[in-house]
Amino acid sequence: MTALPDGISRMVDLPSDELADNWEHLVLPPGLKERLVNHAVFSLLHRGKLSATRTALQGLLLFAGPPGTGKTTAARGLAQAVAVALADEGATAYVEVDPHALPSELLGESQRRTARLLDRTLPEVAAKHRFTVVLVDEVEAFAASRQLASFDANPVDVHRATDAVLTGLDLLSAAHPQVLFLATTNVPDAVDEALVSRADLVVSFRAPTREQAAAIIEDTLAELARSWPALEPLSRDTSALRMVGDRCAGMDGRRIRKVVLAAVTARQQTSRDPSSLTVDDLLTAAGELAATEQEGPLMPAGGGPRATGSPTGLPSP
Ligand SMILES: Nc1ncnc2c1ncn2[C@@H]1O[C@H](COP(=O)(O)OP(=O)(O)OP(=O)(O)O)[C@@H](O)[C@H]1O
Ligand SMILES: [Mg+2]
């Protein structure tokens, strides 16, 4: 296996089996997936024809929201979906930036690493492919807010590194309109305002609604049913799923998937063979996890992911 360039944690050609699962199994509000694909397709196909000054298009989508609400899964899934949609036009490269590999204790080193990534590494990838999708997961580590930079975090370096990100992004975006950046954050306040302002679309991810929770339980059970077919009837029992979904109110998507695991492992028999899992097992597990949630920090409930509008004035889905 060849070593990846500094600051990059994954690089694959799309469509890829590695990313195949993400999109299909993600439960988002009706229409949002299609809207995201349309946005990405438009950006990759047409941004180069349009004046950046007159459209303010940057080729950057930002997914913001609490942990476990599907932001990273959505970004990976969208990359794959857009590559499939554009397959007739040419190949798509997919790159994941590791923002944590860039900061350094050495003054000026973060800035140099960031500049190298944006001025050299990514343009080299972009030059070899028709389209490139770049995921910057946890972008707050990459473009830390200069306003919030505290003195013990070496503020001079935060300023320089964030300035380098913004300058590098602007140059890359202008020179390579066939690059689309997807960024995620669960601490939007820690992301530099100038980066948020550059996003063509900001999508706010929320904890799933009860109906979406039921769909996530259904999908998780369906995955188990591939190995234990006796679970198929339960995975299709809409009234059982609805009851469990109701009990998951307020939980994030990650926690909801874990309800199924908690239910399976609550009894010795189901741990060894989940075939005899019942709706009562699921309801008990969901109730227990919901109670733990209430003791800890609560996620904002309801609504599911939704777009909150965009600096370019594109309507929210
Ligand atoms: N809306 C959803 N539909 C289906 N599955 C979901 C949803 N939200 C979260 N999940 C599941 O929860 C897990 C975590 O999702 P993901 O890593 O995308 O969350 P995240 O928002 O990026 O979290 P973090 O902020 O902690 O990085 C995945 O297994 C994913 O399948
Ligand atoms: Mg994530």
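Where is E138 placed in the chain? In this predicted model, E138 sits in the loop that runs between strand 4 (131-136) and helix 6 (155-175). Its backbone is worth a look, as phi of E138 is positive, at about 55°, even though E138 is not a glycine. Most residues other than glycine have a negative phi. E138 counts as partly exposed, because its relative accessibility is 34%, a value that falls between the 20% and 50% cut-offs.

Setting aside neighbours within four places in sequence, S145 is in contact with V158, D189, A190, V191 and D192. D192 turns up again among the contacts of L166, a residue that lies in helix 6. Besides D192, L166 touches R146, A194, L195 and R198, again leaving out residues up to four places away. L166 is buried as well, with a relative accessible area of 6%.

Among contacts with a separation of 6 or more, 81% are between residues 24 or more positions apart. The chain exposes about 15200 Å², and carbon and sulfur atoms supply 52% of that area.

Not counting residues up to four places away in sequence, A40 touches L78, V82 and L180. The C-alpha atom of A40 is also separated by 9.5 Å from that of A81, which comes 41 residues apart from A40 along the chain.

Two further spots in the backbone deserve a mention. L14 and P15 are joined by a cis peptide bond, with omega at about -5°. Most peptide bonds are trans. P15 itself is placed in the loop between strand 1 (8-14) and helix 1 (20-24). The other spot is A56, where phi is near 60°, a positive value in a residue other than glycine. A56 is found in the loop between helix 3 (52-55) and strand 2 (60-64). At 44% relative accessibility, A56 counts as partly exposed.

Next comes the ligand. Ligand 1 sits in the largest pocket. Helix 4 (71-85) and helix 11 (253-264) are the elements that give two or more residues to the shell around ligand 1. There are 16 residues around ligand 1, and those that come nearest are G68, K71, T72, T73 and N186. Several polar pairs can be picked out here. The side chain of N186 has an N or O atom 2.8 Å from an oxygen atom of ligand 1. From G70, a backbone N or O atom lies 3.0 Å from an oxygen atom of ligand 1. R257 takes part too, with a polar side-chain atom 3.1 Å from a ligand oxygen atom. Taken alone, ligand 1 exposes 630 Å², and the protein buries 84% of that area.

Leaving aside neighbours within four places in sequence, D219 is in contact with R257 and H25. D219 is found in helix 8 (residues 210-227). The side chains of D219 and H25 make a polar contact at 2.6 Å. Is D219 buried or exposed? D219 counts as buried, because its relative accessibility is 19% and the label applies under 20%.

Technical notes: Residues numbered from 1 in each chain as written. Chains lettered and ligands numbered in written order. Predicted model: local features only at pLDDT ≥ 70, side-chain atom pairs only at ≥ 80, totals over all residues. Heavy atoms only, no water. Contact = heavy atoms within 4.5 Å. Helix = DSSP H or I, 4+ residues; strand = E, 2+ residues; numbered from the N terminus. Buried < 20%, exposed > 50% of the residue type's maximum accessible area, 1.4 Å probe, protein only. Polar contact = N/O pair within 3.5 Å; in protein donor to acceptor, adjacent residues only side chain to side chain. Near = heavy atom within 4 Å. Areas by Shrake-Rupley, 256 points an atom, 1.4 Å probe, with all protein chains shown as cover. 1 Å grid on protein atoms, 1.4 Å probe; cavity = no way out; pocket = protein on both sides within 12 Å on 5 of 7 lines; lining within 4 Å. Sits in = over half its atoms within 2 Å of the grid points.
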